[in-house]
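Hi everyone, and thanks for coming along.

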Amino acid sequence: MPTISNTDAQPSASNDEQTEVCPYCKGLGYVREDVPVGHPNFGQVFPCRCQLADIEQQRLEDLRALGNLKHLHHMLFKSFVPEGYGLPPDKAENLRHAYEEARRYADDPVGWLILFGGYGCGKTHLAAAIANRAIGRGQPVLFVVVPDLLDHLRATYSPASPVRYDERFEEVRNAPLLIMDDLGTQSSTTWATEKLFQILNYRYNAQLPTVITSNNDLEDIDLRIRSRMVDPGLAHVLTILAPDFRLSGVAQDRSDLSSLSIMQDMTFDSFTLREEELPAEERANLKRAFELCRNYARHPEDWLVLTGEYGCGKTHLAAAIANHWTASGETALFVVVPDLLDHLRATFSPHSTVRFDKRFEEVRKAPLLVLDDLGTESASPWAQEKLYQLFNHRYNARLPTVITMAQPIDDVDPRLRTRMLDIGRCTVFAILAPSYRGSPQRRAGRKGQSRGGRSK
């Protein structure tokens, strides 16, 4: 322990003002080592042992401020809902498993815990709960959102920065427990990727406790980082399947993207097979379409494409599939393709309250996606590229997808067409019935044809 020199002592206070004074620093808060001239520590001052607790507390406060954890103080294990709200049994069990694993890790933070899942599924709450429990027992922890972390590092290059870059970087790299929220939402510049790799590679080699949350697919993460995240000797990877908690209490399709809320009346029970209106061939075709869609609604797998002229019933059947699915407690997103592209474009506005990546991921990873009226969108290169990215991901991931379109498949972008025509993953059904939105006279005419035979 450094010793204080006598020259640093202050006159003692009067008896009336006298309080307990540290015998080492005499109330100064610092000491100088008693070393000869020429020693590296000669003339240097060091915090006294009486100040160490305050210094550590200030360091913890600085870490809280850096990670913005003060605003997450309410995210505790006791405030988490392990079964979610109205989840089907498999998703409720999956969420409870993630909750139990996070609690175990919080009690003994060893190795890495990786939490994947969609927006609002609860992974940030669990990560913050781990951090708050560590702080509660006096363990230093750094909780930081990845884009914010990179902003903090960039800010140290400013001449006005109160902390140097190397100090901030070491603070993150050597944090006793580091929690990195939203990996993958950062701007993927070469510099950002390099900094994240340096941090995680160091912590991987040193086997420092680390928690990472991400909305991305594992395959979308930089390969060097990904290889460390999936090392079974160090990391435990969990994928949370629950939908957005923030939508609990309302139908899970109530994204502002979805049109399903205004199509609640479009069910299989309300669908008419038009038996008194259509000729035999069209009646049989429409009945096959109805049965196909009803069976798909019970067990949505891969893709279903419905083609036919406007008003033939394909949108009603597609909405009936989504309504059936949401009635069983699952999540479905129903969106008209031109509207989808408008929503994506709107995220580029400075006034947008949602980021493009969040909006796009909401569609790309929807458990059941219904794309209505494909082919009516503006065929700009940007629109074609976004639709291709969407189709390609859902095709490779084999995510249930229903598509309706009035135009022939041959007129679709070839990159989309090749996926829609893969009979191993996609069923295409052409509805032959004409529009039932015609005049009463037309319907009467069609009825006469069905009785007297089709006119040539």
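One word on the model itself: it is predicted, so local features need a pLDDT of at least 70 and side-chain atom pairs count only at pLDDT 80 or more, while totals for chains, interfaces and linings use all residues. Residues are numbered from 1 along each chain as its sequence is written, and side-chain values use heavy atoms, with hydrogens and water left out.

Now the overview. The chain has 14 helices and 12 strands; these are DSSP runs numbered from the N terminus, with helices being H or I of at least four residues and strands being E of at least two. Of the 456 residues, 46% are buried. The accessible surface is about 23100 Å², and carbon and sulfur atoms own 52% of that; the areas come from the Shrake-Rupley method with a 1.4 Å probe, and for residues only the protein chains shown count as cover. Next, contacts, meaning heavy atoms within 4.5 Å. Among contacts with a separation of 6 or more, 77% are between residues 24 or more positions apart.

Let's go inside. In soluble globular proteins, nonpolar side chains tend to be buried together. By a nonpolar core I mean a set of buried Ala, Val, Leu, Ile, Met, Phe, Trp, Tyr and Cys residues joined through side-chain atoms within 4.5 Å. The largest one here has 31 residues, and F77, L126, I130 and I179 have the most contacts inside it. Two or more residues each come from α2 (89-107), β3 (112-117), α3 (123-136) and β7 (235-240). Which of these gives the most? That is α3, with eight residues. If you find L126 on the screen, leaving aside residues up to four places away in sequence, its neighbours in contact are F77, F80, A98, Y99, A102, L115 and I240. There is also a second, separate core of 29 residues, with L286, A297, A320 and I321 among them.

On to the aromatics. Rings of Phe, Tyr and Trp (for Trp, the six-membered ring) pair if their centres lie within 6.5 Å; planes under 30 degrees apart count as stacked, over 60 as edge-to-face, and the rest as tilted. The structure holds 13 such pairs. Take F77 and Y99: the ring centres are 6.0 Å apart and the planes are at 70°, so this pair is edge-to-face. F77 sits in the loop between α1 (52-67) and α2, and Y99 in helix α2, so the pair ties together parts 22 residues apart in sequence. Are these two buried or exposed? Both F77 and Y99 are buried.

For a contrast in geometry, Y157 and Y165 are stacked, at 5.4 Å centre to centre with 15° between the planes. Y157 is partly exposed, at 49% relative accessible area. Y157 and Y165 also belong to one aromatic cluster together with F169 and W191.

A charge sits over a ring if NZ of Lys or CZ of Arg is within 6 Å of the ring centre and within 35 degrees of the ring normal. One example is R425, over the face of Y395 at 4.6 Å from the ring centre.

Now a few individual residues. Most residues other than glycine have a negative phi, and most peptide bonds are trans. D182, however, has a positive phi near 65°. D182 is in the loop between β5 (178-181) and α6 (190-206), and at 16% relative accessibility it counts as buried. R398 also has a positive phi, near 55°. R398 is found in the loop between α12 (381-397) and β11 (401-405) and is partly exposed, at 40%.

Last stop: P434, in the loop between β12 (426-430) and α14 (440-452). Why does P434 count as buried? Its relative accessibility is 9%, and the limit for buried is under 20%. How many residues along the chain separate P434 from G311? There are 123, yet their C-alpha atoms are separated by 7.0 Å.

Conventions. Buried < 20%, exposed > 50% of the residue type's maximum accessible area, 1.4 Å probe, protein only.
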